[in-house]
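Please look at the sequence and the structure before reading on.

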Amino acid sequence: MACLATFLLVLVAGVSPAVAASKGVCPRGAWPVLKGSGAKAKVVKHQGKVRCRKLAKPKQAGFPKPSAVAQRELGTTADQIAQALAINPDAFAGISGKIGQRRTAALTQLALRTWRQQAGAARARLAAADGELHINQTFGAGGAEAGIKLDAAPVTTGGKLGLEASATIEVNVSADGLKNIASGALEPGTSAKAKVEISFSDVPAACPTAAGKVAGRLIGKAKVTLTITGPGGTETHFAAAEMDVAYQLTVGENARWETIDDVDAKSTFSYGGTGKGTETWRGRRLGSGFGQKGLLGGGDWGANIAAQTQHFDPGHGGVFGPHSRVRWDLGLDIGDLKSISNVKGLIITSVATDYLTLAALEYIRGIVAPRLEKHWVRRRGLPEARRQAGRREAQSRPEHQGDDQERQGRRWLAGQDEPDCVRRGVADPRADDDARRGRFRLHADGAERHADARHVEGRRAQPGREEDRRRVAR
């Protein structure tokens with residue numbers, strides 16, 4: 001996680017060639033060049049104009065690989081805390097004023113390190129027969145008392161098919177433990193508590209709609225809260241991050257997903273605590289047409305990044321801070337340079353939003369789509385001899401001389417594969433047009449049926465037979 005925070009700060013410095021701003025405004029996709037750090041940081045100008053540059057692209061090293069294991073995805077979600085702290089390094093200034101910066105950083109790292117260790121141990125735990133995993137235990141951590149509560153369960157009801165997981169780590173540090181955790185002055189009798197809360201939700205629709213769309217949503221939340229208790233009372237501060245990605249998978253007539261469309265990714269980073277209000281930074285990315293090949297699909301990394309970001313909608317979305325905002329369609333105005341910290345916050349929010357959006361797309365490609373496809377098309381479990389016999393019989397029928405797409409659709413009727421959505425579905429009268437074309441279609445309730453009304457259960461329908469008329473009508 002530390003390397004992720006470093007990655008974000010490096011992007012603030014930037015490595016791309018600088019470009020001159022036009023009339024004091026950075027063009028779309030470019031940000032002011034910053035020089036120096038801390039209180040000495042300043043915006044670079046040339047002949048009175050702000051110098052701008054495009055941000056460096058994310059590096060392949062350290063980019064999160066998607067996993068179907070709940071504990072791993074919770075760990076990836078926890079990395080969002082790094083983005084939150086990078087945007088506002090003073091999130092725990094109130095705590096630092098009481099116990100010192102080194103001790104505050106050590107307390108935060110103790111909680112996150114404890115989470116990583118426990119999450120690693122939890123990977124070895126087997127889920128129950130129903131796919132659920134529950135952990136609730138206490139243990140010692142770095143001289144402190146700690147506890148973990150983890151719950152993960154598949155979602156298979158309500159027309160959904162996915163996963164929900166959450167975890168909470170609490171570390172209680174005594175006065176003696178807090179004194180020894182780092183150097184520096186500390187008021188006697190001061191104890192501390194660190195709490196990390198993480199949740200992940202991946203619950204797309206189980207079956208496609210009539211238009212061949214599968215609506216899905218990924219939500220990841222991470223929050224770290226520090227509390228100190230001493231002679232002067234109790235003080236609490238928090239830093240939180242949330243990523244909410246809505247999308248739709250477009251499914252072809254062969255029951256395979258084709259593109260990720262209507263992506264609406266929203267990031268939120270918030271801070272607050274005793275004696276101060278909540279400060280919030282937000283980012284938003286929209287896009288459509290993301291194909292099956294992603295960042296992790298091999299090939300040149302830079303080319304893969306460019307192929308993905310070209311599907312971002314440059315006319316909508318932006319980043320929004322407590323003091324100003326930047327819309328993607330307009331770029332950064334000179335009026336947004338209210339302070340260096342404001343510029344840095346906007347830049348890191350922008351980078352973090354893009355980074356987390358790309359990571360979410362990889363998860364959809366690598367985990368969500370394959371899981372749904374297995375649900376749509378499942379083996380019947382028939383003996384191989386029966387399956388082959390059914391296949392030969394189906395292939396010998398005249399109606400199987402159509403185009404490849406039609407043959408692919410009729411494979412499902414031949415006993416080779418069975419769409420799970422069919423078993424629970426019902427016929428849709430809107431299939432008449434498709435029936436005349438001899439194709440199957442995807443129905444609004446998720447049912448997929450072959451729509452050739454001329455054939456009923458493998459034989460040609462006879463219009464004069466009442467039984468066939470009823471079946472075709474259904």
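## The sheet

In this predicted model, 10 strands form an open sheet with antiparallel pairing. Their order is β7-β8-β9-β10-β11-β12-β13-β14-β15-β16. The edge strands are β7, residues 133–141, and β16, and each of them pairs on one side only. From one strand to the next, the twist averages 5 degrees.

Strands of a sheet pair through backbone hydrogen bonds, and the pairing can be parallel or antiparallel.

## Pairs within the sheet

β10 and β11 run antiparallel and are joined by 12 bridges. In this pair, Ser199 stands opposite Lys221 of β11.

How many bridges join β11 to β12? The count is 18, and these two strands also run antiparallel. A hairpin of 2 residues leads from β11 to β12. Arg217 has Ala246 in β12 as its bridge partner.

β12 covers residues 233–251 and β13 covers residues 257–273. The two run antiparallel, with 14 bridges between them. Val245 stands opposite Ala265, a residue of β13.

## Helices across the sheet

Helix α2, made of residues 70–78, lies across β7, β8, β9, β10 and β11. Its direction is at about 120 degrees to β10.

Which strands does helix α8 lie across? This helix, residues 340–376, lies across β9, β10, β11, β12, β13, β14, β15 and β16. Helix α8 runs at about 135 degrees to β13. Both edge strands of the sheet, β7 and β16, therefore come up in this section: β7 is listed for helix α2, and β16 is listed for helix α8.

## Cavities

Rolling a probe the size of a water molecule over the atoms shows where empty space is left. The model has 3 cavities of 30 Å³ or more. The largest cavity holds about 40 Å³ of space. Its lining consists of 10 residues, and those closest to its centre are Gly29, Trp31, Val326, Trp328 and Gly331.

Which strands each supply at least two residues of this lining? They are β2, residues 30–32, and β16, residues 325–327. β16 is also an edge strand of the sheet. By class, the lining of the largest cavity has 6 nonpolar, 2 polar and 2 charged residues.

Key:
Residues numbered from 1 in each chain as written. Predicted model: local features only at pLDDT ≥ 70, side-chain atom pairs only at ≥ 80, totals over all residues. Heavy atoms only, no water. 1 Å grid on protein atoms, 1.4 Å probe; cavity = no way out; pocket = protein on both sides within 12 Å on 5 of 7 lines; lining within 4 Å. Points joined across faces, edges and corners; volume = space filled by probe spheres on them. Helix = DSSP H or I, 4+ residues; strand = E, 2+ residues; numbered from the N terminus. Nonpolar A, V, L, I, M, F, W, Y, C, P; charged D, E, K, R; others polar. Pairing = 2+ DSSP bridges. Axes fitted to C-alpha atoms, helices over the stretch in contact; angles between N-to-C directions. Contact = heavy atoms within 4.5 Å.
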